[in-house]
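Hi everyone, thanks for coming.

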There are 2 protein chains.
Amino acid sequence: MQGEKSTDPGPFNVGLLLFIPYRELEERVFAAVQDAGYTDTTLPQARLFQRISAEGSRITELASRVYITKQTASVLVSSMERNGYVRRVPDPLDARASRVIADERGLAAGKVAAAEIQRIDREWRQALGSARYDRLRRDLQVLARLTNRPQ
Amino acid sequence: MQGEKSTDPGPFNVGLLLFIPYRELEERVFAAVQDAGYTDTTLPQARLFQRISAEGSRITELASRVYITKQTASVLVSSMERNGYVRRVPDPLDARASRVIADERGLAAGKVAAAEIQRIDREWRQALGSARYDRLRRDLQVLARLTNRPQ
DNA sequence: AATATTAGTCAGTAAAGCTGACCTTAAAGC
DNA sequence: GCTTTAAGGTCAGCTTTACTGACTAATATT
């Protein structure tokens, strides 16, 4: 037996370690939104929706953030548009482009989601301890910035 | 102005903070596998594949881990089976069930994936520092255990 | 002015993912 | 034991997601 280099990595690779809590949170938040009556939504739509910025976002921008093609993003936006979650407005600076902005129904559903995320946040903060949880978030931000993708 | 409770949470919620590095890793690993010649694979298949244990796993078990229905899991397994990545073997203990096990081609592709994950691991460890990276992994494991899902 | 790039849609197709119905075997209740 | 309930899995049918390729219109570049 030799001295261990570091901590036991456990059975999971980093990808899985990130995936498990991520997917659990997503599932809970989506369930909360559905339970609140927003049943005409889907997970892929929600994934895109949460990346829309306050000033409105471009289709291409959203596609890149969610790791899908712009064509797929366009379809998702159209569905959400039909259901009153978002709107397309012409971009004042670029006549080719349009900006996707959250509409009333979208904002309302977003509040439900935010509330559930806050609940989970509290749970996780309690489980890890406040300092450790904050550190975790900071470290994840560092990793997020490592990707050379616009965020 | 009041004293801050803790660190600036940044623009992203925890879900997003987990998603961004997760999805980036997944993308890189998948690209590596494709580049190595395993072009008859898809991301959903790969997500399921990596959850197959050495002794073989049940369809239902895999479905639960990946957050999909058993029907969908069955379809993914059938595709991978056709392409030689996995096999179904009857479960000796339960005549209803079968166990999915990795086949030759699957094991080979798995090695390519593992190598790429190791590369990313090194990068991330370097970016955060060894101690901090290990701590991150430990904390993620704690969160993973919080979900009351079989893992 | 010509050319290349970017934003986005349209069309077509394959894969993923769901619900519901069903069969078979195992477990639980009596 | 026998009956009932639950669990593992597939089949069928359908919608959504997601891709590639082709195209239009507008902006940038040279």
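Helices (H or I, at least four residues) and strands (E, at least two) are DSSP runs, numbered from the N terminus. This is a predicted model, where local features need pLDDT of at least 70, side-chain atom pairs count only at pLDDT 80 or more, and totals for chains, interfaces and linings use all residues. Residues are numbered from 1 along each chain as its sequence is written, chains are lettered from A and ligands numbered from 1 in the order written, and side-chain values use heavy atoms, without hydrogens and water.

Now look at chain B, where three strands make an open, antiparallel sheet in the order 1-3-2. Strand 1 (57-58) and strand 2 (86-90) of chain B are at the edges with a single partner strand each, so one side of each has no neighbour in the sheet. Strand 1 of chain B pairs with strand 3 (residues 98-102) of chain B over two bridges, and there Ser57(B) sits opposite Val100(B).

On to the partner chain. How many salt bridges are there between chain B and chain A? There are four, a salt bridge being a side-chain nitrogen of Lys or Arg within 4 Å of a carboxyl oxygen of Asp or Glu. One of the pairs is Arg132(B) with Asp139(A), whose closest N and O atoms are 2.6 Å apart. On the side of chain B that touches chain A, helix 6 (130-146) of chain B is among the helices supplying at least two residues, and helix 6 of chain B gives the most, with 14 residues.

Notes. Two strands pair if DSSP finds at least two bridges between them.
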